[in-house]
Amino acid sequence: MKWSLAHIFTLKEAPADAEITSHKLLIRGGLIKKLAPGIYSYGHVMVRALRKFEKIIREELNSRGASEILMPMVQPQELWEETNRWIEMGAGLLKFKNRNNQGFCLGATHEEAVCDYVRNEIKSYRDLPRNLYQIQTKYRDEIRPRFGLMRGREFIMNDAYSFDIDQKSALLTYEKMYQAYISIFGRLKLNFRIVQADAGNIGGSQTHEFQLLAQAGEDSLLVSDSSTFAANVEICPAMDFEPVEKSNQPLQQLETFATPGQKTIADLQKFTGVPAKSLVKSLFYAHPNGTQFCVLLRGNDEVNPIKLKNLLSLSDPPLFLTDDEVNAATGSPPGSCGPVQLKKPMAIYMDSGIEPLSNYIVGANKEGFHFKNVNHPRDFEPTQVADLRIAKAGDLDPTNSSGKLQAFRGIELGHVFYLGTKYSQKMGVNFLDSLGKSQPIEMGCYGIGVSRTVQACIEQFHDADGMIWPMEISPFAVHICLLDSGDSELVEYSDRLEGQLEKSGIDVLVDNRDERPGVKFKDADLLGFPIRVVLGRKGFDKKEIEIVDRATKQVTKVSPENALSEILGQLNALASR
């Protein structure tokens, strides 16, 4: 491929709204161009990388018995109403009406569509199992799209859906897809971790994320320093590395004491001299059904909204009460309220970290006052005790008592879910078992962010000069910098070398522009293809051609006659790294 035909236009500087390195490099290299916030056009170089990654996905899924289909991006409202996600997904769905006033949305995901696709065709246990996948454009109306393709509105995704006769079979399929994802990301030589995760709006009882470790990641991960345990902070169990021992002190008499102007835990700690971990704070929430409830945590802990959502079996985390609502419920503004002698009876959910405490301090539900020597269940009865706090670095590895958790940032590349019958029951996706009885199909769903993963590769593989593509998805393997594009002898040699490489299955880009060598070298470093070949009159007269390894910058000089074999040898070595 000649540069002059490829529509490649590079930039010296990235636009101001490009915040992370990979986004800047993709823009500067002309791989993507913003059409609207969160919506990008893909240039020729980017499309080549996407198609190569898609090829890897197809190879790995096809080898495991999955079948490729393609479903519409535009989906009817009534399908989403069958699962109630037309409402649950909220503003994340881009909804619209056609000329006949019928409701539609752009596909944010395809569980409903695939259930409709199979429910009239799978009739018997003999028709199962099935594993269907597609590579399709998705649209999610992100509130704040950013980081290029990392958090875009329109993106390319591989999503797969499995259908099995029972839970045992479904979990075997889950494991098969889990291993497929390990192979897919392993082929890119990415530094990734498999982490326990929250299922979000997709739902399901078992789920794992495949997370690329990167400073620019949006997800907070906790990874053990002594085992394979890793989890998204959203759901990571919180276990103190030095747990508080249950106190054997006798229970003291409940007392009220004045705390004028002490509205925060930090204020109260300074005022009383009691450490934050021995204070208890009270948070007040509204359930979607309108009922109000209280959550208790130690003063040095923060509530985990995802754990709270899951405890209450909600679709989204509950909302805090306003200051006026707290006052009406407790008789006090925030800062002086607590679970003892509440003005209104309500459920009290207590974090497990409080369980060993005794004779502690809480708000007295009177402005400027607190209770001391508070004890449960004497002074209040918790409705439920559960892990409700955010785990943090230094906490105990839940699977290995000698290990600690370390904090990392992550970029989610893939997600696997065991769904069970969440969708099949609602949408009537049933089959007749061997006894002729109708049963809901057990499902799993699996997704890889195709466009996101390609950008994530650049986020992990780059240097100060530009991108460094992994061989498996590099748009071109060889970049020939033809320094004297008007020299007929060099052009002839370049064309011959290009043809020989392409006959060997190597993708080649020839920079045949009438530009200075410095410009061509900078663009070659920016685009970051594995091998650069420098063809110039001065070198050719000395029977020297430079071959440069992009990752290491190592330069090898060979004669024109030996260039082909040297390039092929270096590419083979790169492929086996």
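Two strands are said to pair if DSSP finds at least two bridges between them. Helices (H or I, at least four residues) and strands (E, at least two) are DSSP runs, numbered from the N terminus. The structure described here is a predicted model, in which local features need pLDDT of at least 70, side-chain atom pairs count only at pLDDT 80 or more, and totals for chains, interfaces and linings use all residues. Residues are numbered from 1 along each chain as its sequence is written, and side-chain values use heavy atoms, with hydrogens and water left out.

Lysine 95 stands opposite cysteine 105 in E6. Strand E6 comprises residues 103-106 and is joined to E5 by three bridges in the antiparallel sense. Both strands belong to an open sheet of three strands with the order E4-E6-E5 and antiparallel pairing. At the edges are strand E4 (74-76) and strand E5 (95-97), each of which pairs on one side only. On average, neighbouring strands of this sheet are turned by 40° against each other, direction ignored.

## The hairpin of E1 and E2

Strand E1 (residues 32-36) and strand E2 (residues 39-42) are paired in the antiparallel sense over four bridges. Within this pairing, tyrosine 40 in E2 is the bridge partner of lysine 34. The two strands, E1 and E2, form a hairpin with two residues between them, and glycine 38 in the turn has a positive phi of about 80°.

## Packing of H2 and H12

Helix H2 (residues 21-28) packs against helix H12 (residues 450-460) at an angle of about 110°, and their axes are 8 Å apart. H2 is therefore roughly perpendicular to H12 (a term for angles of 65 to 115 degrees). Axes here are lines fitted to C-alpha atoms, for helices over the stretch in contact, and angles run from 0 to 180 degrees between N-to-C directions.

Thr21, Ser22, His23, Leu25 and Leu26 in H2 are in contact (heavy atoms within 4.5 Å) with Gln455, Ile458 and Glu459 in H12.

## Helix H14 and aspartate 525

Helix H14 spans residues 517-527 and includes aspartate 525. This aspartate 525 is buried, with a relative accessible area of 17%; buried means under 20% relative accessible area, with a 1.4 Å probe and protein chains only. Not counting residues up to four places away in sequence, aspartate 525 touches Asp465, Gly466, Met467, Arg532, Arg550 and Lys553.

Other buried residues of H14 include Lys520, Asp523 and Leu527. The buried residues of H14 pack against several elements, among them helix H1 (3-6), H2 and strand E30 (531-535). Just after H14, glycine 528 takes a positive phi of about 70°.

Methods. Parallel < 35°, antiparallel > 145°, perpendicular 65-115°, else oblique. Buried < 20%, exposed > 50% of the residue type's maximum accessible area, 1.4 Å probe, protein only.
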